[in-house]
Amino acid sequence: MLNVAVITGASAGIGAALARHLGRQGYCLVLAARRVAELHKVAKSTGTEVEVVTADVRRRADVERVKDAALRRFGHVDVWVNNAGRGIARRVLDLSDADVDEMVAVNVKSALYGAQAIVPHFQERGRGHLVNVSSVLGRVPFVAQRSAYNAAKHALNALTANLRMELRPTHPGIHVSLVMPGVVATDFAANALGQSGPPPAAAAPAQSAEEVAAVIAELIAHPVPEVYTNPAHSEMAARYFQDVAAFEAQAAGPAPDTSPAPR
Ligand SMILES: NC(=O)c1ccc[n+]([C@@H]2O[C@H](COP(=O)([O-])OP(=O)(O)OC[C@H]3O[C@@H](n4cnc5c(N)ncnc54)[C@H](OP(=O)(O)O)[C@@H]3O)[C@@H](O)[C@H]2O)c1
């Protein structure tokens with residue numbers, strides 16, 4: 001039987017690179033995003049059978065249409081990758097209601113809609129793999145300027161873990177995985193809400209979208225609960241949880257001395 005993968009946010013960046021990677025492995029693909037011309041360009045570059053679906057993942061009905069189109073075209077889905085997402089460049093004290101709503105809609109609700117659309121199909125089949133693309137900032141919120149994005153990805157991490165725990169006793173054939181990239185060389189920073197001027201300096205060298213796609217493809221071939229695409233981030237997260245104060249002092253620089261001046 002054909003292997004079928006659905007990828008949201010497939011018109012650019014990590015999603016497009018993953019489409020090409022899975023295409024080379026012989027997957028049939030369903031590619032979703034808002035920019036239809038870009039989606040068709042990516043579809044052509046995959047060398048496989050592709051269904052293109054224009055969808056805004058902030059809308060539940062659009063995500064349902066992606067599932068319907070996949071089942072109509074290929075009859076089943078093996079892998080669903082909630083990859084679409086967007087950053088923000090705004091500090092906590094400057095966040096508006098609209099900023100927070102946008103971060104939650106595009107980074108959290110989108111993936112919830114995806115899970116609620118496809119998991120019943122996985123349950124009927126007794127198998128399937130849901131992959132949520134989060135960020136290392138969803139585990140360690142060390143870039144203050146990403147504020148509500150970090151918060152949204154933390155929520156995505158929690159929902160992913162809870163869905164996995166929920167399904168494990170009854171549906172051991174369904175895998176639910178979390179992917180946490182660090183900085184990846186895509187248009188992500190330029191597309192961030194409120195971005196003006198150069199994006200924040202990266203703490204580590206950027207990975208390419210292709211490198212990240214290869215990690216996700218490996219995760220699909222050999223499912224595990226979660227993966228940092230940059231292996232150094234596992235140790236970084238351990239350091240963070242061991243001593244938050246020390247970690248933050250190192251990330252942000254030492255706090256100014258507020259002790260009273262000697263008299
Ligand atoms: N690049 C990084 O440094 C980095 C680091 C950690 C995690 N990530 C995560 O990796 C994922 C992919 O990001 P990327 O780096 O590939 O960013 P990107 O180059 O900006 O691509 C984002 C993709 O998401 C789609 N998208 C955005 N809003 C959407 C919406 N409302 N509805 C449907 N599709 C939407 C975009 O397509 P359209 O504009 O055509 O809709 C595009 O295909 C995101 O979840 C991001 O949070 C990225």
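Two strands are taken to pair if DSSP finds at least two bridges between them. Helices (H or I, at least four residues) and strands (E, at least two) are DSSP runs, numbered from the N terminus. This is a predicted model, in which local features need pLDDT of at least 70 and side-chain atom pairs count only at pLDDT 80 or more, while totals for chains, interfaces and linings use all residues. Residues are numbered from 1 along each chain as its sequence is written, and side-chain values use heavy atoms, with hydrogens and water left out.

**Sheet**

- In β3, Val52 is the bridge partner of Leu31; strand β2 (residues 28-33) and β3 pair in the parallel sense over five bridges.
- The open sheet is formed by seven strands with parallel pairing, in the order β3-β2-β1-β4-β5-β6-β7.
- Its edge strands, each pairing on one side only, are β3 (50-54) and β7 (226-228).
- From one strand to the next, the twist averages 15°.
- Strand β4 (residues 79-82) runs parallel to β5 and is joined to it by four bridges; the partner of Trp80 in β5 is Leu130.

- Buried means under 20% relative accessible area, exposed over 50%, and partly exposed in between (1.4 Å probe, protein chains only).
- Both faces of β5 are covered, with Gly128, Leu130 and Asn132 buried on one side and His129, Val131 and Val133 buried on the other.
- Helix α5 (residues 147-167) lies across β5 (128-133) and β6 (174-180), and runs at about 160° to β6. Axes are lines fitted to C-alpha atoms, for helices over the stretch in contact, and angles run from 0 to 180 degrees between N-to-C directions.
- Helix α2 (residues 36-46) lies across β2 and β3, at about 165° to β3.

- Ser147 belongs to helix α5 and is buried, with a relative accessible area of 10%.
- Apart from neighbours within four places in sequence, Ser147 is in contact (heavy atoms within 4.5 Å) with Ile88, Arg90, Arg91, Val92 and Leu95.
- The side chain of Ser147 reaches the backbone oxygen of Arg90 at 2.4 Å. A polar contact is a pair of N or O atoms within 3.5 Å; within protein, one must be able to donate a hydrogen and the other to accept it, and residues adjacent in sequence count only if both atoms are side-chain atoms.
- The C-alpha atoms of Ser147 and Met103 are separated by 9.7 Å, although these residues are 44 residues apart along the chain.
- Ser110, in helix α4 (residues 97-125), is buried with a relative accessible area of 6%.
- Not counting residues up to four places away in sequence, Ser110 touches Val57, Asn82, Ala84 and Ala105.

**Ligand surroundings**

- Ser11, Arg34, Tyr149, Gly182 and Thr186 come nearest of the 30 residues around the ligand; a residue is near a molecule or strand if one of its heavy atoms lies within 4 Å of it.
- An N or O atom in the side chain of Asp56 is 2.9 Å from a nitrogen atom of the ligand, and a polar side-chain atom of Arg58 lies 3.5 Å from a nitrogen atom of the ligand.
- A polar backbone atom of Asn83 is 2.8 Å from an oxygen atom of the ligand.
- Of the 880 Å² of accessible area that the ligand has on its own, the protein covers 96%. Accessible areas come from the Shrake-Rupley method with a 1.4 Å probe; for residues, only the protein chains shown count as cover.
- Elements giving two or more residues to the shell around the ligand are α1 (13-24), α5 and α6 (188-191).
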